[in-house]
Structures are given as C-alpha cells and as structure tokens.
Amino acid sequence: MRVQELASVVEKDSLAGGLHHLVLRSPRIASAARAGTFVMLSVRPGKTVPLEPLLPRPFSLMSTLADAGLVEIYFRVVGRGTALLSALEVGDVLNMIGPLGRPWPHPPGDAIIVAGGAGMPPALFLAEELGRAAGEAKRPSTTSGHAASGSREVIVFYGASTRSQLFFLDRFSAAGAKVHVSTDDGSAFRRGTCLELLETWLDDTRPSQATVYGCGPPVMLSRLFSLVSRFGLPSYVSLESPMACGVGVCRGCAVKMRDGSFRMACTDGPVFKGEEVAF
Ligand SMILES: Cc1cc2nc3c(=O)[nH]c(=O)nc-3n(C[C@H](O)[C@H](O)[C@H](O)COP(=O)(O)OP(=O)(O)OC[C@H]3O[C@@H](n4cnc5c(N)ncnc54)[C@H](O)[C@@H]3O)c2cc1C
Ligand code: FES
C-alpha cells in the first residue's frame, strides 16, 4: 500500500566519497515496505531550501525498523537533488511517497546477492529480510513445538572501487549472510570486481538451486546476467532508471525488454527478471 508521509530525519551520517546515510522516521512506510521497493523523496522549502521545492527523486530503501517506524536510505551525491538531501539536518522534514515498485521475490533455494558500490541498498534490505525470515522459520511453532524446515543460505558478493567506499559490511554478516568482498584497487579484501569473485565462486561451487539478485550500475547488471546464465541460474536485477513521478504517470522510466516491448521501471519494476531485460 502506497502512502505519502512527512518523514523527519532522525540520524544522518556523511561518509567518504560523497556517500550519505539517512535514518528517517516514517512509520506507515516502514511497516509496508519490502526489500526491493523504493521511495520518492522531495525536500520541502525551508531552512535548507529557501527558494523552491524539488521534484521528487527515487531511492531504494536500505532497511526498515518497522517497530520503531524507521527507514534507512544510502545515496551518493550526483546532482542538485542529492546535494540538497545531503545538507539535511536531524529534525528536518521531507516529503516521502512509498513504498513503490515490486519487491524482490523469494523463490526456494539459496540466494546469491551481488551488490556494486552505491547500488548496495536493496541488497542489504534483501539480506536482512531473508535473515529475519530464516530466524522465524527456526523458531519452534507454537502448536507443534517443531522448527519449520527450509533453511536457505544467503551469499553476498559486495564490491566497491576502494576501501573507503565500503560501508555496512557488518550488517550483511549480522543478517546471517556469508559475505565475499572485493575492491577494484585491492586496498581491502580481494582485488578485482565482485563479478570476478562471483565467477571464481561459481566455478568452485556449481550451485544447483539458487537465485541471483543484482543491484548496481547497468553495465554490471548486464555482465552479471551473462555470467549467471552460463551457470544456468535464474536472476533478478534492480534497475535505477531515471524517474520523474515514480507512480506510472509520466512514462519517463520506460525500460526496453528483450521481446521489444517497454515496461515502466517504477510500477513494473524496479526489480525485473534478468532474462526479460534488453541489456
Ligand atoms: C528505483 C531507484 C532507486 C534508486 N536508489 C538509489 C539509492 O539507493 N542510492 C543512490 O545513490 N541512488 C539511487 N538511485 C539514483 C538516484 O535516484 C539519482 O542519483 C538521483 O535521482 C539523482 O538526483 P540529483 O538531483 O542529485 O541528480 P540530477 O541533477 O538529476 O542528475 C545528476 C546526474 O546524474 C544522472 N542521473 C540522475 N538520475 C539517475 C539515475 N537514476 N541513473 C543514472 N544516472 C542518473 C543524470 O543524468 C545527471 O548526469 C535510484 C534510482 C532509482 C530509479
Ligand atoms: S517514473 Fe513516471 S512512469 Fe515511471
């Protein structure tokens, strides 16, 4: 269920490399959100924006704490909208519409999550959602006294350009995921891309029942799709097409599909089956 809510900034962290993390109080969106969904955020005129309100901008939800009514976003400053967001202070208020879009599906079997750079937020939310589901499955049922079956491994491949751009690694581990990390320059963990790490792991492991989830820049998602298709694995990718409305009205977020049709990233996505997308 989509809602519009005034969200207040509860916590802000300015990280290295133009990256920022905001914790926002938004109880209705926090309780409705699923991993893979996103919000449209716009800064209201006021202390930080004296002249004009801003067209909304899309951001993936990185996590929610539904009980506390909180959501998290993580973003890189690339232009005016993200610069305004980065200047917000604790207590400032934003317009937020969400949760929007379709979440990641959870087919049975292991989950291989691949996250590149600032594209990481929907990956962390998915790892935490799967971790919570696994915790609930292990809890003894109140009627039978037995734990539910169906355990799933969550394996994360997370890459960034350099050590100072790697954030929230501990959150993936805390969610119960096995985490493989790379940096392009070799300043921490394995040198290379997360796709190189994944390829080596797939060669060694040859998983039979697993679904691959990718978020990151388009070129990475295209290569990810080619790689995992060689191993016969199904994949889902989260596409960050530029969006003006986020709710299916402006038609500005059209994504070309392999069959020649176009679909709206905001309402049909942002999560698509890898095999459907014309990369
Ligand atoms: C569903 C979805 C989820 C997203 N989640 C995140 C997230 O979690 N963290 C994050 O940092 N960013 C995310 N983005 C991208 C984010 O929305 C853009 O970076 C933001 O809108 C840029 O606004 P701006 O006003 O700062 O930049 P603008 O002034 O609008 O643009 C600055 C430059 O960035 C380019 N640009 C703008 N939007 C995009 C885009 N979507 N893809 C590629 N290039 C773009 C422009 O062409 C221009 O060159 C997401 C986008 C979508 C569609
Ligand atoms: S962003 Fe307007 S239709 Fe998708």
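**Close-up views of a predicted model**

**View 1. Strand β6 is mostly covered.** Of the seven residues in β6, five are buried. Buried means that 20 or more other C-beta atoms lie within 10 Å of the residue's own, with C-beta atoms placed from the backbone; 12 or fewer counts as exposed, and in between is partly exposed. This is a predicted model: local features need pLDDT of at least 70, side-chain atom pairs count only at pLDDT 80 or more, and totals for chains, interfaces and linings use all residues. Residues are numbered from 1 along each chain as its sequence is written, while chains are lettered from A and ligands numbered from 1 in the order in which they are written.

**View 2. β6 pairs with β2 and with β5.** Strands (E, at least two residues) and helices (H or I, at least four) are DSSP runs, numbered from the N terminus. Two strands pair if DSSP finds at least two bridges between them. β2 (residues 19–25) joins β6 through seven bridges, in the antiparallel sense. Here Leu22 stands opposite Ile73 of β6. β5 and β6 are also antiparallel, with three bridges. Ser63 stands opposite Glu72 in β6. Four residues separate β5 and β6 in their hairpin. In the turn, Gly69 has a positive phi of about 70°.

**View 3. Seven strands make an open antiparallel sheet.** The order is β4-β3-β7-β1-β2-β6-β5. β4 (57–60) and β5 (63–65) are the edge strands, each pairing on one side only. Strand β3 (residues 38–43) meets β4 over four antiparallel bridges.

**View 4. Ligand 1 has 21 residues around it.** A residue is near a molecule or strand if its C-beta atom, placed from the backbone, lies within 6 Å of it. Phe75, Gly79, Gly81, Thr82 and Glu240 come nearest. β4, β6 and α2 (80–86) each give at least two residues to the shell. The shell holds 12 nonpolar, five polar and four charged residues. Nonpolar covers Ala, Val, Leu, Ile, Met, Phe, Trp, Tyr, Cys and Pro; charged covers Asp, Glu, Lys and Arg; the others, Gly among them, are polar.
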